[in-house]
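Welcome! Please take a moment with the sequence and the model shown below, and then we can walk through them together.

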Amino acid sequence: MTKTFTSCLKIWRKRSCAAVLLNCILLISCLTGCWSQRELSNIAIVVGTGLDTSNQPDSLKLTAQVVKASEMGSSASSQGSRTSEKAYVNISYADQSVLSAVRGVTHMQNRRLYFSHNKVLIFSSDLAKLDMAEGLDAFTRDYEGRMDVQLLISRGKASKILEEEADLEKVPALHLYAMMENQKLNSETVVITLRDFVIATMSDSRSPVAPIIKLYKSEEGKNKVKLDGTAVFKQGKMIGELDVAQTRGLLWVTNKAQSGALTVNTDWGQVILEFLHANSILKPVKAEDGTIRMELTVHEDGAIESNETTQNMSRIENVEMLKELMKEAIQSDIQNVLAQARTLSADVFGFGEAIRRDYPKDWEAMKKNWDTMFPQIELDIRVDVKLRFSGGLAQPIIPGGA
């Protein structure tokens, strides 16, 4: 009886092993094929997209910047002379919607536009002032698009921005993307992705913002791009702008000012101060009478970057003076952007979201009239500045004074 049982057990184990092996083979065979494959020879890889108004009624113009793989790896050293061929091509098509424009490109090109590698999405200011809903919805809803694409607003045509003559990159869209990645070094430009912009657009209170970029002629006569302030939106439309100083104030309030430089004027000349580590805390405070005001605390560590005076700015009394001047400069930026936001009645700071988080019942009563209530919200500002060091020098290059 025992021998029979043992024999049956061995047979069962062998059959189980065979069944497991067969299942593994079947699963592996299913993974060898790509049911959704797309050959590189059949797609046009888009790295930058521009949306403009069109001469046709109720339509927009889409411009897609497509990389030319054959030119991306070429160099002057490998070819003996610098190639005159561009490493990209801009394809434009106008139609009533983004999708129809994308499909319309197939009428004139042998490859289908592929947006999974898109890096920047540029709206012209003319289109942004009319309506951004079509472009935002199409690029957010489409499964091919990425939500971390950099969003920009152009002065003039977005298609012209994609024709920039970049010096350090072969493809303008890649230059724009890398340029936006570096903006944390100066804290004078808002950097926003499509995802963050859409979230702010769907908010009950917050007004989205986006960086503005423009085209200009360099001294060499080349078409160059330059960041130029911030666009403010309400209900999917551009309603106003912030200049560079106001943008820096916005970054102070929203805890996005990481590093940068401030120029302060003394009785002996200019001193450039660098802020290295900044931290901002914004919170609502409810008074006994039920009114709510905002409190902002800014902590900043800085250094003396450049001393253009003949005075020794490392002396204690001069350090204290510079700290006060830096506090005044930061407070001025914040007060400046607060005045502009009140004029536009646009909550670019997130006051409403902070109130909703800490005082949800009060927010339910405020949110219906937030456009009229926001300009009345008071902001208390406290700035704490520490100058940690004076760089590699204590004395000025040109000594003098005390």
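In what order do the four strands of the open sheet stand? The order is β10-β11-β12-β13, and the pairing is mixed.

## Before we go on

This is a predicted model, in which local features need pLDDT of at least 70 and side-chain atom pairs count only at pLDDT 80 or more, while totals for chains, interfaces and linings use all residues. Residues are numbered from 1 along each chain as its sequence is written, and side-chain values use heavy atoms, with hydrogens and water left out.

The chain has 14 helices and 13 strands; helices (H or I, at least four residues) and strands (E, at least two) are DSSP runs, numbered from the N terminus. Of its 402 residues, 41% count as buried, where buried means under 20% relative accessible area, exposed over 50% and partly exposed in between (1.4 Å probe, protein chains only).

Axes here are lines fitted to C-alpha atoms, for helices over the stretch in contact, and angles run from 0 to 180 degrees between N-to-C directions.

Strands β11 (residues 269–286) and β12 (residues 292–307) run antiparallel and are joined by 15 bridges. Two strands pair if DSSP finds at least two bridges between them. Along this pairing, I281 has T297 of β12 as its bridge partner, and E274 has A303 of β12. The hairpin of β11 and β12 has five residues between the strands, and G290 takes a positive phi near 95° there. On the other hand, β12 and β13 pair in the parallel sense, over ten bridges; M294 stands opposite L379 in β13.

## Helices on the sheet

Which strands does helix α10 lie across? Helix α10 (residues 244–253) lies across β10, β11 and β12, and runs at about 50° to β11. Helix α11 (residues 316–344) also packs on the sheet, where it touches β10, β11, β12 and β13. The direction of α11 makes about 145° with that of β13. Contact means heavy atoms within 4.5 Å.

## The nonpolar cores

A nonpolar core is a set of buried Ala, Val, Leu, Ile, Met, Phe, Trp, Tyr and Cys residues joined through side-chain atoms within 4.5 Å. The largest one has 49 residues, and L322, I334, F349, F351 and L379 have the most contacts inside it. At least two residues of this core come from each of α10, β10, β11, β12, α11, α12 (351–358), α13 (360–366) and β13. Helix α11 gives the largest share, eleven residues.

To see this up close, look at F351. Leaving out residues up to four places away in sequence, F351 touches V253, L282, M294, L338, W370, F374, I377 and L379. Another core, of 33 residues, lies apart from the largest one and has I91, A128, F139 and I212 among its members.

## A cluster of rings

Rings of Phe, Tyr and Trp (its six-membered ring) pair if their centres lie within 6.5 Å; planes under 30 degrees apart count as stacked, over 60 as edge-to-face and the rest as tilted. By this rule there are eight aromatic pairs. The rings of F349 and F374 have centres 6.4 Å apart and planes at 35°, so this pair is tilted. F349 lies in the loop between α11 and α12, and F374 in the loop between α14 (370–373) and β13, so the pair ties together parts that are 25 residues apart in sequence.

F349 is buried, with a relative accessible area of 4%, and F374 is buried, with 1%. The centres of the W363 and W370 rings are 5.2 Å apart and their planes stand at 75°, so this pair is edge-to-face. Both W363 and W370 are buried. One aromatic cluster is formed by F349, F351, W363, W370 and F374.

Is strand β2 largely enclosed or left open? Six of the eight residues of β2 (residues 60–67) are buried, so this strand is largely enclosed by the rest of the structure. Strand β1 (residues 43–53) pairs with β2 in the antiparallel sense over seven bridges, and β2 is joined to strand β3 (residues 88–95), also antiparallel, by eight bridges. Q65 of β2 is the bridge partner of G48, and Q65 stands opposite N90 in β3.
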